[in-house]
Structures are given as C-alpha cells and as structure tokens.
Amino acid sequence: MGPASAVSKILDLVYELEDSLRADVAVSDLSVYVTNIKRLQETLKLLTDNCRLVVLWLEDVVQFLQNNAASDDEWYLVQVVSKVVKIMEQLQGEGGPFCREGGDALSNAFDNLESHYMHLLTEASFPLQRDIQEMQDIVEVLAANNRLEKSVSIYAENRIENFRLTFQALDLDYLNIKWSETDSVETVDSYIDEWGKHMEFAVRHLLRKEYNLCSKVYRKFGSDVSMNCFAKIAGECGFTYILDFGSRICRCKKEAIKLLSLLKVFSILDKLRLEFNELFDGKFCTEIRNQTRDLVKKVVHGACEIFWQLLVQVEFQRASKPPEYGNIPVLVSFVTDYCNQLLEEENSSILIRVLEIHQVWNRVKLEEGRGLLSNEIRSIFRAVEINLVTWAGMYNDANALPHFFMMNNHWYLWSSIRGTNLEELMGDTRLSAYEESTEYYAAWYMRESWEKLLVLLREDDIILYPNGRAIDRNLVKKRIVVFCEEFDDLCRKQSKWILSDKVLRWKTRQMIVESIIAPYKRYLERYMPTGLLEYSAERLENIIGSLFKPNVGKYGGSKCSDLIGINNAAVSRFSSTPAAA
C-alpha cells in the first residue's frame, strides 16, 4: 500500500497549496505566490503520474485477492481495494472532480495575478523598478499558461487609460475648434506653439516612457510582443488625434501667411524626427508612421506651393488701382514685412530645408536652398518696383501725385529694409538706390507743385519810378492774394495725401517751408512789412504743418498679414487684397 500512501501525502500538499493561493496577491509575497502556483502545477502533474502507477499496482492486487480470497475478511479487503482503485481512476482521468478542482484553483490564481498586474499598471503614472520586476514575474507565469495575449490586452487597456487621463490634465480645448478649408489659418495659428509643446511632451515623455516600459516588461518575449503592445497604446491613446491637428492646418485655405504656419509645423515635426523614427519603427506601427509621413508631405508641398506663388501674386496685383492719396499700398507693406519674416533665422533655415526636400521628392535639378530663397525674394522686390512704376502712371494727376507716390514708397522701402535681414540680402547698392530715388522723386514733386508758386512772387513793376523807392502796394497785395489763393488751392488738393512715416512727413514739410515759406516771408518783409495778417508766413507754415497726416481709422487700423490670400482658381490670386490700396 506504499504507493497509495504516497498519493495521499501528495493530496495533502495540493490542498495546502490551494489554500495559499486563495489569499489576495496584493497583501502576499508575490514571489511566494508565484512559487506556490508552480508547485501546485508540479504537484498535480506528479499526482496524475503516480495515480497511474498506483492504479496498475492495485488492479493486480485486486485480481490476486479475487483469485485467492477464502475468508470474509479477505473478501472485505477486496472490496476496500476495489473502492480505492475507483477513487484513483477518478484522480487519474481528465475532467474528474479533483482535477477540475485543481484546475479551478489554478485558474483563480491566474485571475488573481491578472488583477494584481492591472493594479500595478494603474497604481502610478509610471511604475517603479520594484513594480516592473513584479510585472515581469507575472507576465512570465501568464505566458507559460497561454495567457500572454490576454496580458498584453490588459497592459494596453490600462496604459491607454492612464495616457488619456494625463492628457485630460492638459489644456487641449483647441483640438475641438471647428474650421473648414475656407477658413484662414489665423483662426488657429496662435495655438501652433502650444500644439508643439504638447507634441513634444507626448512623444519625448509619455510615449518614450511607454515604449521603454513595454520593452522592459516583455523583454523575455521578443521585440514583436513589446512593439505590438506599444503600437496598441500609441494608436488608441489619443496621440493620433493630436497629430491630426497638423493635418487640419494643412487643410486651411491657401494664403501667404499660411506659409509661416506650415514652417512652424514642419519645425515641430523635424525636432521630433529621430524620436518618431525610433518609436514607430517596425510592422506594428505602420498606420501611425504613414499618418506622420502624410502630414510631412502635406506640409512640404503646401509650403512650396505658396512660396512659389508669391511672385505670381505680386505680378497679378499690377493691374489693380493705386491708393487714392499716394500712400503705401498694402501689398508693398505686406511684402516687405512678410519677406523680413521669411528671412528670420528660425523661418529661413526651415524654409531652405523644405525647398531642398521638395526638389529631391520631385527629382528636379538640385539647387542650394539658400540661393533659391534669396533669388526668389529679389525677384519679388523687382516685381514690386515694376508695380510702383505702373501704379504711378495710373494717376489722373500727371504732375505732383505720381512723384509724391514714388517718393513715399521708395522712402518706405529704404526705411523698412535698412537694418533688417532684407538689407543683408538686397545689398548696399539696392538700398542706396531706394534712398537716391526718394530724393529724385522728392525734387520732382516740389518742382511740379509747390515751386510753381514762386513765380507768383514776381518783383517786376513793383517799384513805381525807375531808381526810386516808392512801392506799388496795391500790386504787391494783389500778387500776395493770388499767391495765397494758389497756396490754399494746393493745400486743399493735397490735404488728403498721406505720408505715414513721421520722419518723411517732417522732412517733406520742412522742404516745403524752406522752398516756399522762407521766400514768401522775405517777400513780405521787403514789400509788405505790415498788414494782411490773414496771409502771414506763420499762418501758411501752420497750414503746412497739418498736411500729410495718416487717417489711423482708415489707413492705420488694418492688419496687413490678413489681407493677402491665394485662391484655388486656375489663375491663383490674392483673394482678399483690395486693389493696391
């Protein structure tokens, strides 16, 4: 009966191990709990194996006793041994009550491990090394019992929820803003920097830590298991929704200012390029990798399309009307400010890369990106200069206003380019040419307007007698009145003309005073020392001091950056630019 006794001892151990596995894993020593699971599995196997041997031995005993039993005691022994054989057969057979109980105990133990595994995953944003070791031990046991796939699902579900909770703590309301392809990028441009910070936080902190944690927990099962788990987290945690914000920017209507927004988006993606390549490598991250590449393509194509359209748009504006009062056309101020922005280091370095990438993708002859940028901006300003000449020729006033307009705009170009990145690109020669042109057109402006008044201050016939001193006061008064009437008429004509730059405005007023008021004052002092107070030099000088002021409400209150747009029509144009004004 020795084998039967051995089986009995094994049964006692099984019951003891089952009791130990009913305890809560969280308050137990995990290593002991895992060890008891393994011991129970080994014990059940040993029991099954021993049952087979005991049954064979006892069956021989029963057969012997049946053949040789003579007394009642011997037949009773046959009955007892037969009953033991039947019990042993139940222990041995699959699906027997005891085996089912043992199987249930193990199943419950595995469930307990999964619950503790879930607890470790949710207890902290990122588990400590001690917890990671416990997670590795749990996964190893679950994997050995055909529960690896379930453990991956548990892991992914809990880490996804943790990721989402972290993002809920951030201010992501801008992701819910609704806009269409007809809306300007200005609607959301102010959120791009914030989006960049959230992208960096998501990739370099959250996803990087998730990637490392997956690799550690599932390191014994190969990269396919850990990458499959990480891909589930990255694809379902909400990161792709954040990434889609960049694609939505690409879908905004095409306009010049959108180029600057696209350069911001490219810069953000480019800074994260190495992390993207590492985190989303392999077959399991194909979808998110394709989404990222598609966004980069949209950004590059969209930026280059707008950049190469800028010159076309400037030339297209040539047929529009010039500003009514000789002021700076919106196009001129916009192009100057805009090109200066493009040449800022943070923009130019990105734009150069984008232009070079676009060349490679389109397999065209490669040119150095900086040269492409510089040459195109020079061409744009040449087109602006031609526009100015064309617009000047459109004024009905064939005399002063065209020269006033050219003086105003060449001064604007000189003062706006001086000391900026544009000066370095355009060179001293071009800048000096703008300054010289300002002086040239200023001289013509004076010649065609104010200086014509000087002929009215004639001195002929004023002296009544040859070599005498008597003055014909009536004639002097008549000439002064005519002069002042012409002066007033000229002031009325130019009262709405605008010089937005206060330095040029002051210089122009001083030029008029020195050329006209000073001679007039001397004329009065010589021929009309008293009287005619309404025509005093001081009065005229005060009138000149009120000329050329900008009307802020009409001319200074608009924002240039939102006035130039590009349509999708066959012939693209600046959709929202009101003529040249």
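**Reading the contacts and surfaces of a predicted model**

Q: Why is the contact between the side chains of Arg 204 and Glu 200 called a salt bridge?
A: A salt bridge is defined as a side-chain nitrogen of Lys or Arg within 4 Å of a carboxyl oxygen of Asp or Glu, and the N to O distance for Arg 204 and Glu 200 is 3.1 Å, so the pair meets the definition. This is a predicted model, in which local features need pLDDT of at least 70 and side-chain atom pairs count only at pLDDT 80 or more, while totals for chains, interfaces and linings use all residues. Residues are numbered from 1 along each chain as its sequence is written, and side-chain values use heavy atoms, with hydrogens and water left out.

Q: Where do Arg 204 and Glu 200 lie, and what makes Arg 204 count as partly exposed?
A: Both residues belong to helix α7, where they stand 4 residues apart, or about one turn of the helix; helices here are DSSP runs of H or I with at least four residues, strands are runs of E with at least two, and both are numbered from the N terminus. Buried means under 20% relative accessible area, exposed means over 50%, and partly exposed lies in between, using a 1.4 Å probe and protein chains only. The relative accessible area of Arg 204 is 31%, so Arg 204 is partly exposed, and Glu 200, at 36%, therefore counts as partly exposed too.

Q: How many salt bridges does a search of the whole structure find, and what kind of contact joins Lys 264 to Asp 189?
A: The search finds 16 salt bridges, and one of them joins the side chains of Lys 264 and Asp 189 with an N to O distance of 3.3 Å. This pair links distant parts of the chain, since Lys 264 sits in helix α10 (residues 256–271) and Asp 189 in the loop between α6 (148–168) and α7 (192–217), 75 residues apart. Lys 264 has a relative accessible area of 28% and is therefore partly exposed, and the value of 22% for Asp 189 places Asp 189 in the partly exposed class as well.

Q: What is the distance that makes Arg 273 and Asp 270 a salt bridge?
A: Their closest N and O atoms are 3.3 Å apart, and Arg 273 itself is partly exposed, because its relative accessible area is 41%. Elsewhere, salt bridges that share partners join Glu 114, Arg 147 and Lys 150 into one network.

Q: How do you know how many disulfides there are?
A: A disulfide is a pair of cysteine sulfur atoms within 2.5 Å, and by this rule the count comes to 0. Cys 229 is in no disulfide, as the nearest cysteine sulfur, that of Cys 214, is 3.8 Å away. Cys 252 is likewise in no disulfide, with the nearest cysteine sulfur, that of Cys 250, at 8.7 Å. Cys 229 has a relative accessibility of 0% and so counts as buried, and Cys 252, at 3%, also counts as buried.

Q: What places Leu 388 in its accessibility class, buried or exposed?
A: The relative accessibility of Leu 388 is 0%, so Leu 388 counts as buried.
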